[in-house]
Amino acid sequence: MQYKAIRGFRDILPDQVETWNRIEAEAKRIFGLFGFKEIRIPMLEKAELFARGIGQDTDIVSKEMYTFQDRKGTSVAMRPEATASILRACIEHKLYEEYPVLKLFTIGPMFRYERPQKGRSRQFHQINAEIIGDPGPRSDSELIFMLMWFFSSLGLHDLILNVNSLGCPRCRGPFRAELTGYLKRYSAQLCPDCQRRMDTNPLRVFDCKVETCNQVVKGAPSMLDFLCNDCTHHFDSLMAYLKALGMDFVINPHLMRGLDYYTRTTFEVQTQELGAQNAIVGGGRYDKLMKEFGGPDSPAIGFAIGTERVVELSDEHTSQREKGPDIFLAPLGKGAEDKAFMWLQELRKGGLRCEMEYRSLGLKALMRRADRLKARKVLIVGEDELIKGKGILRDMVTKEQRELPLDNVVDELIRFKETSWT
Ligand code: HAM
């Protein structure tokens, strides 16, 4: 019997992990400059936390959660997102007492039972950042500025930043009424779920995946026409700050986001390179959620980047040679092999990524092995070279060769790497 990974769950193979690590390290570096601290939250929470936070009527909660009873009969769920858990942790540990404005990030897997396709899986990963305790709009623009800087530092360009405002409960009421009226006129074209949502939660029709529903919402009224004075001022100020920070954006009045907790600012970044699953990050303000969970009345904003999608976009930027060892030792004969084995460990201690083949092979096979490993340089040392006291250092990219004295070969290689290794 040969086992395979579960549908929608993917292995991240060694060749890809370097890209993942690079992206996550860059997020940590940049987020750190803005004062964010890491928090690690559990994979499993009471299912009720997500139902209450994200909304019972959302696709995530009603169709996509991995919910089950644990051995004591408690209904638990694999986390489909991180925001609800982060707030739960802030309240449980009273983190808000220590920091009036909390800036937190977390990185890790999320679980949603969606139909797997390119760019969409059932276990996927997110890089989340949240600012808790500031009403904005400065913090909104700062968060978006940090996000876009992160993408450009990964070498990602041609991204489209969409922004919208979903208003507050005060202006949402009249919008809801108008939207329900509009949807009722087209109810025959809506799927059974949306026909029900039309009355219970009409905003959710915007993120339905059924094509006929997508067509209907194209002509739907815009939330922006219903914003109250305070929400209009918030949105105008946000746009002014974004412009002042030199950021291009598109106002997308139909950007509703698939979670119920949003108020005011919402945003998403899209790319044209990934096909249908084109959102690489989604986020927004959720000013009422902390109180809803029993904490203080604390406004907040955050985002979650879909790591798989960013990896896919940035993978081509990492050259294969960068992933291989700095040097491959190619000794020929027992004497050279024993010496090389000792150099190997010293070179690693000196900070070089170094490999050697332990089977005794001929030069041709060793070079093939170095090439497979994508080594940058190869040190060839046969019996002749040992007698002469000089090895041959071959560059695998330019194919240039030079002699290298063997009596101090470890220091020579370390110095050479530091000074002229291109
Ligand atoms: P979300 O829009 O549900 O927001 O997810 C954010 C990002 O996660 C998406 O833009 C996408 O890149 C990625 N993603 C979502 N589902 C999948 C999937 N099945 N496969 C691959 N990637 C996926 C949230 O999760 C909110 N918690 C964001 C947030 C944080 N809002 C405020 N703070």
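**Ground rules.** I worked with a predicted model, in which local features need pLDDT of at least 70 and side-chain atom pairs count only at pLDDT 80 or more, while totals for chains, interfaces and linings use all residues. Residues are numbered from 1 along each chain as its sequence is written, and side-chain values use heavy atoms, with hydrogens and water left out.

**Entry 1, the sheet.** I noted that helices (H or I, at least four residues) and strands (E, at least two) are DSSP runs, numbered from the N terminus, and that two strands pair if DSSP finds at least two bridges between them. On that basis I found an open sheet of 5 strands with mixed pairing, in the order β13-β12-β14-β15-β16. Its edge strands, β13 (354-356) and β16 (401-405), each pair on one side only.

**Entry 2, two pairs of strands.** I followed β12 (residues 327-331), which runs parallel to β14 (residues 377-381) and is joined to it by 5 bridges; Ile 327 has Lys 377 of β14 as its bridge partner. I then turned to β15 and β16, which pair in the antiparallel sense over 5 bridges, with Arg 394 opposite Gln 401 of β16. The hairpin of these two strands has 5 residues between them, and there Lys 399 takes a positive phi near 70°.

I saw helix α14 (residues 334-349) lying across β12, β13 and β14, at about 160° to β13. Helix α15 (residues 363-373) also packs on the sheet, touching β12, β13, β14 and β15 (390-395), and its direction makes about 165° with that of β12.

Of the 26 residues around the ligand, Glu 81, Glu 114, Arg 257, Tyr 262 and Ala 279 come nearest. I looked next for polar contacts, which are pairs of N or O atoms within 3.5 Å. A polar side-chain atom of Glu 81 lies 2.6 Å from a nitrogen atom of the ligand, and a polar backbone atom of Gly 306 lies 3.5 Å from an oxygen atom of the ligand.

Key
Contact = heavy atoms within 4.5 Å. Axes fitted to C-alpha atoms, helices over the stretch in contact; angles between N-to-C directions. Near = heavy atom within 4 Å. Polar contact = N/O pair within 3.5 Å; in protein donor to acceptor, adjacent residues only side chain to side chain.
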